[in-house]
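Here are my notes on the aromatic rings. Please read them beside the structure.

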Amino acid sequence: MFAVLILVQFLPSRAEDNEHKFYLIAAASAAELVFLLLSAFSSKKDFLRDFGNILSVIFFVFTAWTILAPKTLILDPLIFPAPGEVLWQFTADIDKLSQGAASSLKTVFSGYIYALVLGIPMGVILGSFKNIRSSATYVVNFAGAIPPIVFVPYSIALLPSFDVVSKFIIFLSAYWPIMKGTIAGVSSVEKGILDTARSLSVRTGSLLLNVIIPSALPNIFAGAAQGLGVSFLMLTSAEMIGGQSGIGYYVQYYAKFADYPRVILGIIILGIIICLISVLSAGLQKYFLRWRNT
Amino acid sequence: MSRINIRDLSVEYGTKNKSFKAVDRVNLDIKEGEFVSLLGASGCGKSTLISTIDGLRRPSGGTVFIDGEPISGTGKDRSIVFQNYSLFPWMTVKKNVEFGLRQLRPELSKKERSDIALEFVEKVGLSEFKNKYPLKLSGGQQQRVAIARALAVNTPILLMDEPFGALDTKTRASLQDLLLSLWRSEEKKKTVIFVTHDVDEAIFLSDRIVIMQPNPGRIYKEVSVPFSRPRIRENITDTEEYKIFRNEIINAFYEAEKEVAYHDTEKKISAGNSPVVRSFNSGTVSAVAGGR
Ligand SMILES: Nc1ncnc2c1ncn2[C@@H]1O[C@H](COP(=O)(O)OP(=O)(O)OP(=O)(O)O)[C@@H](O)[C@H]1O
Ligand SMILES: [Mg+2]
């Protein structure tokens with residue numbers, strides 16, 4: 001795939017501006033080199049295979065993109081700039097982008113952490129006490145069903161800055177899935193396991209820590225992953241609606257000037273960030289739920 | 001140190017409008033170091049009775065005395081093993097045993113806890129699996145862990161609710177042997193109550209068999225097992241004496257059933273089909289068919 005990609009770059013082009021294609025060639029070569037070095041020295045077969053596959057897919061996309069946009073002009077080069085162009089933009093904008101990414105991550109996590117810190121204990125309480133749970137069910141179902149984005153106008157009126165509004169909306173949208181997951185896990189601990197714990201006279205604190213929460217962990221993780229997904233959705237929406245920073249803002253801002261290399265760049269960066277976070281969260285989950293039979 | 005005296009014990013399950021009597025005025029005395037089986041068809045209240053003895057369930061009437069003292073909930077003198085193993089799946093084999101020890105024998109140091117856990121994991125033959133998680137083990141192996149956990153805490157009373165019910169015949173036999181040899185090897189023998197609906201298992205393991213009958217759950221008959229210990233499976237089951245005794249137990253089953261069936265025909269007219277009686281029938285028939 002690497003060879004094809006490089007070859008394609010040297011095909012005669014119908015577009016004018018291909019002076020940046022060497023950025024693409026350099027980046028692709030670097031990636032290929034890393035891969036070759038790894039294959040030579042690393043023995044982790046699975047990892048190498050995955051890495052190789054991902055690389056091939058990326059090379060394929062870039063090849064197709066090169067053919068469709070700058071080479072044959074099937075796609076409008078104004079809206080679909082050459083891949084080299086985007087890469088060049090990346091090297092030029094790296095400061096701005098990392099600031100944007102940092103700001104986005106900061107916003108998303110400050111909302112998300114609150115959702116975890118409040119959602120899990122609330123879920124444990126509602127999950128443990130059937131009485132409270134049955135009276136709270138309707139409230140939870142009603143409030144959880146409302147798409148948090150509709151609270152934006154209210155939040156803007158009530159909260160001091162748009163940054164706080166974003167965090168609040170992210171908090172709200174992650175809170176419900178996290179709490180619901182926790183409730184589901186805590187309220188469905190297997191009876192035999194609870195009886196065993198009671199028979200061993202496990203005290204309340206230890207019961208919670210060593211039995212109920214570990215048992216509920218798969219559900220808590222499911223809720224937390226769902227919450228994280230919604231958080232990023234809300235983050236980008238908030239940044240594009242009225243944010244002053246972040247990757248969503250970067251995309252929205254340059255779209256106004258029809259600066260499409262930057263728009264595409266922003267989209268790609270956002271995708272990469274979300275992918276990395278998912279990989280991280282899947283890794284955490286795999287580690288903490290390693291006892292499961294999967 | 002651990003006599004059990006059960007006096008007029010009744011246990012009810014309350015639903016909103018009516019309550020159901022699962023155990024009705026049971027009286028039973030168990031000597032220290034005795035191995036007693038509760039034998040009976042599905043639904044006759046064996047699990048209810050044994051979990052009430054463990055203190056997991058409050059009786060609606062009557063009392064369980066241990067060494068003369070009425071129990072009030074679960075205690076450090078009893079441990080229980082369930083049919084579905086009930087291990088903590090997020091703890092390794094060794095951690096499961098250690099957790100039991102930490103709860104029931106808090107006086108032990110961390111090192112002692114670890115040593116005892118390893119000792120019992122070895123006794124049940126799972127040393128090489130000590131750091132594995134339960135869900136990666138077979139049913140028989142999981143039940144070995146549960147047995148290790150229940151024995152390691154060294155309670156004078158051991159309660160087992162159909163512990164081998166979900167296992168295949170061969171695994172079952174080997175775990176019966178394991179249980180007996182562990183029980184006998186202790187200088188101070190534990191008092192064991194063992195729930196089963198397998199006639200051969202009850203005979204092979206126990207000093208005494210308590211036959212129960214359903215609707216409501218009561219004791220039908222108590223029979224002492226005449227075979228001396230140590231018991232060797234093949235030596236016992238081939239004897240004429242065994243066949244006669246086995247028949248006696250199965251007949252007691254039938255008599256209990258007759259009484260129930262009679263009891264139940266009146267009810268059946270008003271209450272419709274009774275699943276309890278049906279499963280009782282099929283259970284008994286298969287027990288007979290399974291013999292020679
Ligand atoms: N939680 C419960 N709520 C209401 N009724 C119950 C409950 N648990 C058991 N029962 C009823 O009490 C009776 C005795 O049940 P129990 O589980 O003690 O029987 P068992 O002898 O252990 O049966 P098995 O051999 O199938 O385990 C049954 O009729 C059952 O339907
Ligand atoms: Mg039962």
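1. A charge sits over a ring if NZ of Lys or CZ of Arg is within 6 Å of the ring centre and within 35 degrees of the ring normal. B:R233 does this in chain B: its charged end lies over the ring of B:F204, 4.2 Å from the centre. In chain A, the charged end of A:R290 sits over the ring of A:Y287, 4.4 Å from its centre.

2. A caution on the source. The model is predicted, with local features needing pLDDT of at least 70 and side-chain atom pairs pLDDT 80 or more, while totals for chains, interfaces and linings use all residues. Side-chain values use heavy atoms, without hydrogens or water.

3. Rings of Phe, Tyr and Trp (its six-membered ring) pair if their centres lie within 6.5 Å; planes under 30 degrees apart are stacked, over 60 edge-to-face, the rest tilted. Over all chains there are 21 aromatic pairs. A:F171 and A:Y175 form a tilted pair, because their planes meet at 45° with centres 5.6 Å apart.

4. Both A:F171 and A:Y175 are buried (under 20% relative accessible area; exposed is over 50%, partly exposed in between; 1.4 Å probe, protein chains only). The rings of A:Y253 and A:Y254 have planes at 90° and centres 5.1 Å apart, so this pair is edge-to-face.

5. A:Y254 has 9%, so it counts as buried. Ring pairs join both to A:Y249, A:Y250 and A:F257 in a cluster.

Note on methods: Residues are numbered from 1 along each chain as its sequence is written. Chains are lettered from A and ligands numbered from 1 in the order in which they are written.
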